[in-house]
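Please examine the structure shown here and follow the explanation with it in view.

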Amino acid sequence: MSYYYAGCADYQEPHFLDSCFLCRKPLGYNSDIFMYRGNTPFCSKECRQEQIEMDEAKERSWKKSSSSSARKSESNNSTPSKTVRTGTVAVA
């Protein structure tokens, strides 16, 4: 029989709606919460918009780097740089 110690018995994980995802400001129980991408809470439209802009910039950067690496691999594959010999080999 195995037992695992998970820490203090009184410790509770913070709820994902306890604070703003961007600025970490505590979210009140009676205040508006601005959501983004399903379960990401923000304290204001401004914080949410800042996160959206950061995500879009990251996505553009990712697409740019992935398209340039795809172009590199295509150009490497189209230029033959290796000599291939064909024929029969007999081993005794």
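At 56% relative accessibility, Arg37 counts as exposed, a term for residues over 50% relative accessible area, whereas buried means under 20% and partly exposed lies in between (1.4 Å probe, protein chains only). Arg37 lies in the loop between β1 and β2 (40–42); strands (E, at least two residues) and helices (H or I, at least four) are DSSP runs, numbered from the N terminus. The phi of Arg37 is near 50°, a positive value in a residue other than glycine. Most residues other than glycine have a negative phi.

Arg24 also has a positive phi, of about 65°, although it is not a glycine. Arg24 is placed in the segment before β1 and, at 54% relative accessibility, counts as exposed.

This is a predicted model, in which local features need pLDDT of at least 70, side-chain atom pairs count only at pLDDT 80 or more, and totals for chains, interfaces and linings use all residues. Residues are numbered from 1 along each chain as its sequence is written, and side-chain values use heavy atoms, with hydrogens and water left out. The mean pLDDT (the predictor's confidence in each residue, from 0 to 100) of the protein is 79, and 64% of its residues reach 70 or more.

Which residues form the largest nonpolar core? It has eight: Cys20, Leu27, Phe34, Tyr36, Phe42, Cys43, Cys47 and Ile52. Such a core is a set of buried Ala, Val, Leu, Ile, Met, Phe, Trp, Tyr and Cys residues joined through side-chain atoms within 4.5 Å. The elements β1 (34–36) and α1 (45–78) each give two or more residues to this core.
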